[in-house]
Amino acid sequence: MNENDLRIIKTKRALHEALLALLKNQTLESISVSVLCREAGVNRGTFYLHYNDVGALFDEHLNNLLKDLEESYYEPYRHVSELNHSMLDPGTIRIFHHVKKYQPFYEIVFDKRSSISYYYSLFEKIKALIIESTGLSGQSNSFIVAYQVNAIMGLLIQWNEEGFSQTPEHMSEQLSYIFKTMYQAPAH
């Protein structure tokens, strides 16, 4: 099967969009293949050509999202030899662009009625990225890492609560401002 075939791309996109639409009102476990296929306008045979079950479709969506999150997270590191948070260029921050690209999923993640497992999948990915990029690991740094992960998650939750009304560029500027204030040398 050619994954670059436009029919396959269109079918998978329809299935992913249908899954997200259904997840707004149902748990993953309660979504049947029949209902998903009806929502996507795809027949069951086509679904089973690509996936074993609804969980496999969700896993593919989550894996694509987490891969894009990782690429977005590392974007500022591609522009400098060493990342200095107090000098971070807002134009290199891509995490908010990533969230905007996957906004329907993030609306589900931050919906208070959703399964907390979605939130923790995201939390664990950001935690792993911070540990990998900073070298902060071990018991002595666990609270620092937890603080940083929750700071990012807090910004994303607030942005969601405001209906993603601010642009990704504005959010990047806000994060850059926060970093500059946090890492600013104290006045003597």
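This is a predicted model: local features need pLDDT of at least 70, side-chain atom pairs count only at pLDDT 80 or more; totals for chains, interfaces and linings use all residues.
**Entry 1: a nonpolar patch on the surface**

I started on the outside, where Y147, Y177, I178 and M182 make up a nonpolar patch with about 450 Å² of accessible area together. I noted the rule for patches: residues with over 30% relative accessible area and no salt bridge, with like charges joined within 9 Å and nonpolar side chains (Val, Leu, Ile, Met, Phe, Trp, Tyr) within 5 Å. Accessible areas here come from the Shrake-Rupley method with a 1.4 Å probe, and for residues only the protein chains shown count as cover.

Which helix gives the most to this patch? I found that helix 9, residues 168-182, does, with 3 residues. Y177 sits in helix 9. I looked up its exposure too: Y177 has 55% relative accessibility, so it counts as exposed. For that I used these limits: buried is under 20% relative accessible area, exposed is over 50%, and partly exposed is in between (1.4 Å probe, protein chains only).

**Entry 2: what I am looking at**

Residues are numbered from 1 along each chain as its sequence is written, and side-chain values use heavy atoms, with hydrogens and water left out.

I counted elements next: the protein has 9 helices and 0 strands. From the N terminus on, the order reads α-α-α-α-α-α-α-α-α. Helices (H or I, at least four residues) and strands (E, at least two) are DSSP runs, numbered from the N terminus.

Of the 188 residues in the protein, 38% are buried. The accessible surface comes to about 11100 Å², and 52% of that belongs to carbon and sulfur atoms. I also checked contacts, meaning heavy atoms within 4.5 Å. Among contacts between residues at least 6 apart in sequence, 61% join residues at least 24 apart.

**Entry 3: the core**

Which residues touch the most other members of the largest nonpolar core? They are L19, L36 and Y106, in a core of 52 residues. Helix 1 (6-23), helix 2 (33-40), helix 4 (54-74), helix 5 (95-101), helix 6 (103-109), helix 7 (116-134), helix 8 (142-161) and helix 9 each supply at least two residues of this core. Helix 4 gives the most, with 9 residues. A nonpolar core, for my notes, is a set of buried Ala, Val, Leu, Ile, Met, Phe, Trp, Tyr and Cys residues joined through side-chain atoms within 4.5 Å.

Leaving out residues up to four places away in sequence, L36 touches L15, A18, L19, L22, I31, F47, V54 and L57.

**Entry 4: helix 4**

I checked the length of helix 4. Its 21 residues should span 30 Å at 1.5 Å a residue, and its end C-alpha atoms are 31 Å apart, which agrees. The expected span is 1.5 Å times one less than the number of residues.

The buried residues of helix 4 include V54, L57, F58, H61 and D68. As a group, the buried residues of helix 4 pack against helix 1, helix 2, helix 3 (44-50), helix 5, helix 6 and helix 7.

**Entry 5: L122**

Is L122 buried or exposed? L122 has a relative accessible area of 2%, so it is buried. L122 belongs to helix 7. Not counting residues up to four places away in sequence, L122 touches L69, Y106, V109, F110 and M153. L122 and L69 are 53 residues apart in sequence, and 9.2 Å apart in space, C-alpha to C-alpha.

**Entry 6: salt bridges**

How many salt bridges does the structure hold? I got 6. The rule is a side-chain nitrogen of Lys or Arg within 4 Å of a carboxyl oxygen of Asp or Glu. Side chains of opposite charge can pair when their charged atoms come close.

D68 and K101 meet in one of them, at 3.2 Å, N to O. This pair links distant parts of the chain, with D68 in helix 4 and K101 in helix 5, 33 residues apart. D68 is buried, at 14% relative accessible area, whereas K101 counts as exposed at 54%.

E71 forms a salt bridge with K67, with the closest N and O atoms 4.0 Å apart. Both lie in helix 4, 4 residues apart, about one turn of the helix. E71 is partly exposed at 38% relative accessibility, and K67 is exposed at 55%.

D111 is partly exposed, with a relative accessible area of 22%, and R113 is exposed, at 67% relative accessibility.
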